[in-house]
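Thanks for sending this one over.

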Amino acid sequence: MGYWKTKVLPKLKKVFEKNGTKKAAAAEASKSFDESKEGINTEFEEKKTELQTKVLAVYEASSTEIKGVIKERDEAGLKKNSTEVQKFIDELVKIDFPGSKAVSEASSKFGPALVSGPVFFVFEKVSTFIVTEEKTEEAPKTEEETSGVKDREIVVEEGKKEETSESAAEKAEEKAKAANDTLPPPPPEVAEKQEEKPVEPTAVETAAVEKEKEDPPKA
């Protein structure tokens, strides 16, 4: 019990006091940063055009984890990727990104998690360039482009209808030919009937002819 009081407890007390002092200092740094936000916003708007290409280059060179933290801006991701977060902020300092220098100093001294407010403020500014880039890549089609697509769809649809009609007509013609091929041969023509044997004379006609032969008419 004497060892706990004389050795362990004083050390724990110093640690807690140190952490408490660190949190208080981080809170003071965050408060000071908040007071300078207006000036940072003004500087950001002035440099926005020239910063876009530089910021996108730094962002694209970053890891997937950091990109997620920048977009989502969650405390858990900030704590989990504190080293990568610090590196990203340092890269922003190199391109003279507004507010990045003060955030970098506070983050390196207290850790990103304890100054999450200033860190997320800078990340929010970075996100404006990312959102703009994504919107540009996924720009909606203009009315003319949409109209052109619809016109092409109508032409294609009409072409399909014409092809379908032609196909139906061809099929009907083929069916008619097939039906004609299966019909029985036509009956004999009238001319063939005329070539049959002549009708024999009747008995009366024969008797009259014989009588003329026996009694020829007198001159």
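1. Let me begin with one residue in the predicted model: Ala24 lies in helix α1, which spans residues 2–35. Ala24 has a relative accessible area of 46%, so this residue counts as partly exposed. Its C-alpha atom is 9.5 Å from that of Leu114, although 90 residues separate Ala24 and Leu114 along the chain.

2. Next, the nonpolar core. The largest one holds 31 residues, and those touching the most other members are Ile70, Val85, Phe88, Phe97, Val119, Phe123 and Val126. At least two residues of this core come from each of α1, α2 (37–60), α3 (64–72), α5, α6 and α7 (116–137). Helix α7 provides the largest share, with 8 residues.

3. Phe97 deserves a look of its own. Setting aside residues up to four places away in sequence, Phe97 touches Phe44, Leu51, Val55, Leu92, Val122, Lys125, Val126 and Phe129. One of these partners, Val126, is listed with Phe97 among the core residues that touch the most other members.

4. Beyond its neighbours within four places in sequence, Ser127 is in contact with Ile70 and Arg73.

5. Now for a helix pair. Helix α5 covers residues 82–94 and helix α6 covers residues 100–110; the two pack with their axes 8 Å apart, at an angle of about 150 degrees. Angles over 145 degrees count as roughly antiparallel, and α5 and α6 are therefore roughly antiparallel to each other. Their crossing is left-handed.

6. Which residues make the contact between α5 and α6? From α5 come Gln86, Ile89, Asp90, Leu92 and Val93, and these meet Ser100, Lys101, Val103, Ser104, Ser107 and Ser108 of α6. By type, the contact residues divide into 4 nonpolar, 5 polar and 2 charged. Leu92 is also one of the residues touched by Phe97.

7. Finally, Lys79 sits in helix α4, residues 75–80. With a relative accessible area of 56%, Lys79 is exposed. The C-alpha atoms of Lys79 and Pro112 are separated by 7.1 Å, while the two residues are 33 residues apart along the chain.

Methods: Residues are numbered from 1 along each chain as its sequence is written. This is a predicted model: local features need pLDDT of at least 70, side-chain atom pairs count only at pLDDT 80 or more; totals for chains, interfaces and linings use all residues. Side-chain values use heavy atoms; hydrogens and water are left out. Axes are lines fitted to C-alpha atoms, for helices over the stretch in contact, and angles run from 0 to 180 degrees between N-to-C directions. Helices (H or I, at least four residues) and strands (E, at least two) are DSSP runs, numbered from the N terminus. Angles under 35 degrees count as roughly parallel, over 145 as roughly antiparallel, 65 to 115 as roughly perpendicular and the rest as oblique. A crossing is left-handed if the near helix is turned anticlockwise from the far one by less than a right angle, and right-handed if clockwise. Contact means heavy atoms within 4.5 Å. Ala, Val, Leu, Ile, Met, Phe, Trp, Tyr, Cys and Pro count as nonpolar, Asp, Glu, Lys and Arg as charged, and the others, Gly among them, as polar. Buried means under 20% relative accessible area, exposed over 50%, partly exposed in between (1.4 Å probe, protein chains only). A nonpolar core is a set of buried Ala, Val, Leu, Ile, Met, Phe, Trp, Tyr and Cys residues joined through side-chain atoms within 4.5 Å.
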